[in-house]
Amino acid sequence: MAWIVLIASAVLEAVWATALGMSQGFRRPAPTVVFAVAMTLSMAGLAYAMTSLPTGTAYAVWVGIGAVLTVVIAAARGQERLTPLRAALLAGLIGCVVGLKAVS
């Protein structure tokens, strides 16, 4: 169960990171509210996962998935280019996350 919560929390990390960028320094109310709610739920899920997973592993998985999804969202929205090299590097991050799960 901790792994499922951790992955959901990592998805929420991408949501709050995207909303943070859209909030324009907390000047836009809707993205600011999405940021606050998603960040709270993301941190709560990470904290829950850390009760049964090693802290370093949980944090690395949370950050890795969140970072990759944040880039994918930005690319889908046309805010960043997803070159073949960047895609390969992001795939490497996901490979590392899968590796951490495999050895845990």
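Which residue follows H1 with a positive phi? Select Gln24, which comes after H1 and has a phi near 50 degrees; helices here are DSSP runs of H or I with at least four residues, strands are runs of E with at least two, and both are numbered from the N terminus.

Before going further, note that this is a predicted model, in which local features need pLDDT of at least 70 and side-chain atom pairs count only at pLDDT 80 or more, while totals for chains, interfaces and linings use all residues. Residues are numbered from 1 along each chain as its sequence is written, and side-chain values use heavy atoms, with hydrogens and water left out.

**The whole chain.** Show the protein as a cartoon, and the pattern along the sequence reads α-α-α-α, with four helices and zero strands. The C-alpha trace spans about 40 × 35 × 15 Å along its principal axes. The radius of gyration, 14 Å, agrees with the value near 13 Å that a compact globule of 104 residues would have, where the radius is taken over C-alpha atoms and the globule rule is 2.2 Å times the number of residues to the power 0.38.

**Helix H1.** Next select residues 2-22, which make up helix H1. H1 has 21 residues and reaches 30 Å from its first C-alpha to its last, close to the 30 Å expected, the expected span being 1.5 Å times one less than the number of residues. Colour its buried residues (under 20% relative accessible area, with exposed meaning over 50% and partly exposed in between, for a 1.4 Å probe and protein chains only); among them are Trp3, Leu6, Ser9, Glu13 and Trp16. The cover over the buried residues of H1 includes H2, helix H3 (55-76) and helix H4 (84-103).

Now select Ile7, Val11, Val15 and Val34, a nonpolar patch on the surface with about 270 Å² of accessible area together, by the Shrake-Rupley method with a 1.4 Å probe. Patch residues have over 30% relative accessible area and no salt bridge, and nonpolar side chains are joined within 5 Å; a salt bridge is a side-chain nitrogen of Lys or Arg within 4 Å of a carboxyl oxygen of Asp or Glu. H1 gives the largest share of the patch, three residues. Val11, in H1, counts as partly exposed at 37% relative accessibility.

**Ser42.** Finally, move to Ser42 in helix H2 (residues 29-49), which counts as buried at 0% relative accessibility. Beyond its neighbours within four places in sequence, Ser42 is in contact (heavy atoms within 4.5 Å) with Ser9, Leu12, Glu13, Trp16 and Trp62.

Definitions and conventions:
Patches are made of residues with over 30% relative accessible area and no salt bridge: like charges are joined within 9 Å, nonpolar side chains (Val, Leu, Ile, Met, Phe, Trp, Tyr) within 5 Å.
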